[in-house]
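The following paragraphs lead the reader through one structure, residue by residue and then region by region. Please keep the sequence and the model in view while reading.

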Amino acid sequence: MKLLVTGGAGYVGSVCAARLVEAGHDVVVVDDLSTGHADAIPDGCKFVEADIAEAAGDLLAEPFDGVLHFAAKSLVGESMENPQKYWHGNVVTSLRLLDAMREHGTPRLVFSSTAATYGEPEIELITEDSPTDPTNTYGATKLAIDHAITSYAAAHGIGAASLRYFNVAGAHGAIGERHTVETHLIPIVLQVALGQRDQVQIFGEDWPTADGTCVRDYIHVTDLADAHLLALKGTQPGQHRIYNLGNGTGFSVKQVIDTCREVTGHPIPAKVAPRRAGDPATLVASSQAAREELGWQPQRADLGVIVRDAWEFTRARHQA
Ligand code: UFG
C-alpha cells in the first residue's frame, strides 16, 4: 500500500515507518522536525519536511491508500501549562488532516491515541468501554480527535482505528527514544546507568499500590508498531475501531528501577520525591480486543527484554 506517515521522525512513528517498509509498503514520511530527528527516518521512506496542518491538502492530492497519524505534541506536563499548543498542534492539525482525507477520498486511517484519554479509572484492567475522563489537556485533545474520527469515518466512509497506547518503551534496533527534554521513567533511569544523571527520583511512595509507587503497563515499541500494521489491514470502510495496547501486567516504579539495575549492572541510586501532579496510581490495559479482533500477539512482553533493548540502543548512541 502507499502510505502517509505523519510524525515519522518521532519515536513511535519512525519505528512504525521502519516496520511498514520492512513489510513492503511504499512510505512517505511527513514531519516538521519540531521534536523528531531526520536521522531517525528509516531508509526506504520518502521524506517531506512540512507542517501537516499546512501540507496535508497538497500531499493527499496524490492518491494514498492510508494515513498513519503519529504527529502530535505529547508531554502531559507541558499540556497543562501551554494548552493552546496542544489544542492547535493536536486537534486543529488532525482536523486539517481529516478534511484533506475527506476531500481526496483517502480510505484508511490509523491514529495514535493514548491511555491518557481514560483518566484514572478505578478498575484493574482498562477496557475500551471504560469511561473516558482525561485528567490532563494532552489526553483531552487526543480524546477530542478520537471523537472527530468517529464522525468522519461514519459520514465519509473512512476506515479508521485509534490505538490507545499505554507506556511505550524499548527500541527497534537503532531506532529508539530520544527526547530533547526527557520525562519518561525508563530513559531517565538509563541515563543514571550511563552516568548522565546522579540518581532517579521516585515520584511518590505513598500511592495505594503494593509497594507505594505508581504502577504502569509497559509495551515494547516493536510490538506496538506491529499492532499498527494489523489495525491498518483490519480497517473497514465507515467504521472507527478503538484498541488498547499494553501487556496487561503492571510494574511499579520500584520494579522498573530494579529491572534496570539487573539489565545494566549499575546500582542506580534512587531517591523518593513528592508525587508528580496528574499521575494516576495504576494504569494497566486489557488488550483482549486487539488480540481477538486483530490477532495481535506481543512478542516482547517481558519487562527485561523491553529494558534490554532500550539499554542497548542508549549505550550504542552514547558510544557513537
Ligand atoms: N516517574 C518517576 N520518576 C521519573 C519519571 C517518572 O517516578 O523520573 C514515574 C511517574 O510518576 C509514573 C511512572 O514513573 O508513575 C511512569 O512515568 P512516565 O513519565 O514514564 O509515563 P506516564 O505514565 O506518565 O505517561 C505515559 C505516556 C503518556 C501518556 C500516559 C498515559 O508517556 O504519553 O502514559 O497515562 F499520556
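Not counting residues up to four places away in sequence, H220 touches A169, G170, A171, N247, R300, V305, I306 and D309. With D309 there is also a polar contact, formed between the two side chains at 2.8 Å. The model in which these contacts are found is a predicted one. H220 itself belongs to strand β10, which covers residues 218-220. Because its relative accessibility is 0%, and buried means under 20%, H220 counts as buried.

Between Y152 and L230, 78 residues apart in sequence, the C-alpha to C-alpha distance is 21 Å.

Two loop residues may be considered next. Is P274, at 66% relative accessibility, buried or exposed? The cut-off for exposed residues is over 50%, so P274 counts as exposed. P274 is found in the loop between β13 (270-273) and β14 (282-283). Leaving aside neighbours within four places in sequence, P274 is in contact with F203 and G204. From P274 to E205 the separation is 69 residues in sequence and 8.2 Å in space, C-alpha to C-alpha. S287 is placed in the loop between β14 and α9, and its relative accessibility of 4% is why S287 counts as buried. Not counting residues up to four places away in sequence, S287 touches N244, L245, G246 and W296.

In soluble globular proteins, nonpolar side chains tend to be buried together. In this model the largest nonpolar core has 36 residues, of which V5, V12, L68, Y165, V168 and L245 touch the most other members. Elements that give two or more residues to this core include β1 (2-6), α1 (11-22), β6 (159-165) and β11 (240-245). V12 is in contact with F70, Y165, V168, V221 and L224, leaving aside its neighbours within four places in sequence. Another core, of 26 residues, lies apart from the largest one, and V28, I52, L60 and F64 are among its members.

The ligand is surrounded by 20 residues, the closest being H184, Q201, R216, R276 and D279. By class, this shell has 12 nonpolar, 5 polar and 3 charged residues. A polar side-chain atom of R216 lies 2.7 Å from an oxygen atom of the ligand, and for R276 the corresponding distance between a polar side-chain atom and a ligand oxygen is 2.8 Å. Two or more residues of the shell come from each of α6 (185-193) and β8 (200-203), and the largest share, 3 residues, is that of β8.

Notes:
Residues numbered from 1 in each chain as written. Predicted model: local features only at pLDDT ≥ 70, side-chain atom pairs only at ≥ 80, totals over all residues. Heavy atoms only, no water. Near = heavy atom within 4 Å. Polar contact = N/O pair within 3.5 Å; in protein donor to acceptor, adjacent residues only side chain to side chain. Helix = DSSP H or I, 4+ residues; strand = E, 2+ residues; numbered from the N terminus. Nonpolar A, V, L, I, M, F, W, Y, C, P; charged D, E, K, R; others polar. Core = buried A, V, L, I, M, F, W, Y, C linked by side-chain atoms within 4.5 Å. Buried < 20%, exposed > 50% of the residue type's maximum accessible area, 1.4 Å probe, protein only. Contact = heavy atoms within 4.5 Å.
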